[in-house]
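Please examine the model shown below together with its sequence.

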Amino acid sequence: TEALELKPSDKVLEIGTGSGYTAACLSRLARQVVSIEIHNDLAESARSRIGAAGIRNCQVLGADALSFHPAQTFDAIAVTGAVAEVPEAFLRWLKPGGRMFVIRGLSPAMEAVLMTRQSADYVETSSLFETDLPYLKGAEPASQFKF
C-alpha cells in the first residue's frame, strides 16, 4: 500500500479482495476503490464487512481478474495474490502515471514490484522485495513436462 503512494483523488483497483481488509485500508487513502474477488462467498463477506464499517467509496465485485473488463482505467492497482507473469490487461488498466503493486515470479522466490506506466508503450519496473505468496486463481505458472 505504501509503495503505491496513493493520493486522495486516486481511483484504485484491488485484485483479490479476500477478507476485504486491504480494500478497506485503500478506501481510507483514495477517492474510489473497486475490488474484485473470484470467489463469490469471499466477495459477499467482504462487501458486508466494508458496509458495516461505514465505508461508502469501495465497491466489491465478484469477478475473475483474468476475464475482467473494467469501464475505466485506474491511478493505482494493488494485486494481492501472486502471478507467474503480469497479465498485459492489468497494465492496460493503468492510467498514464498509474502505479501497480504486484508480486510476480515462480515460488519460492517471487519478487514484489512497483510498475509505473510512463507512456502508452513503456512501463517502468522497480523491485521492492522478495517474498512468496499464493497465486491468483488462473495466474499460476504453466505446468512443465518433467522426466
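Arg-47 and Glu-44 both belong to helix α2, 3 residues apart, or about one turn of the helix; helices (H or I, at least four residues) and strands (E, at least two) are DSSP runs numbered from the N terminus. Their side chains form a salt bridge with an N to O distance of 2.6 Å, the criterion being a side-chain nitrogen of Lys or Arg within 4 Å of a carboxyl oxygen of Asp or Glu. By this rule there are 4 salt bridges.

The model is predicted: local features need pLDDT of at least 70, side-chain atom pairs count only at pLDDT 80 or more, and totals for chains, interfaces and linings use all residues. Residues are numbered from 1 along each chain as its sequence is written, and side-chain values use heavy atoms, with hydrogens and water left out.

Helix α2 (residues 40-52) lies across β2 and β3 and runs at about 165° to β3. Contact here means heavy atoms within 4.5 Å; axes are lines fitted to C-alpha atoms, for helices over the stretch in contact, and angles run from 0 to 180 degrees between N-to-C directions.

The open sheet has 7 strands in the order β3-β2-β1-β4-β5-β6-β7, with mixed pairing; two strands pair if DSSP finds at least two bridges between them. Because β3 (58-62) and β7 (122-131) are edge strands with a single partner strand each, one side of each is left without a neighbour in the sheet. On average, neighbouring strands of this sheet are turned by 15° against each other, direction ignored. Strand β1 (residues 11-15) runs parallel to β2 and is joined to β2 by 5 bridges; Glu-14 has Ser-35 in β2 as its bridge partner.

| Site | Angle |
|---|---|
| Ser-107 to Pro-108, cis peptide bond | omega near 15° |
| Glu-5, positive value | phi near 45° |

Most residues other than glycine have a negative phi, and most peptide bonds are trans. Pro-108 lies in the loop between β5 (94-106) and β6 (109-119), whereas Glu-5 is in the segment before β1.

The largest pocket holds about 240 Å³ of space. A pocket is an open set of points on a 1 Å grid over the protein atoms alone where a 1.4 Å probe fits, with protein on both sides within 12 Å along at least five of seven lines; lining residues have an atom within 4 Å of a point. Grid points are joined across faces, edges and corners, and the volume is the space filled by probe spheres set on the points. Of the 16 lining residues, Gly-16, Glu-37, Ile-38, Leu-136 and Lys-137 are the closest to the pocket's centre.
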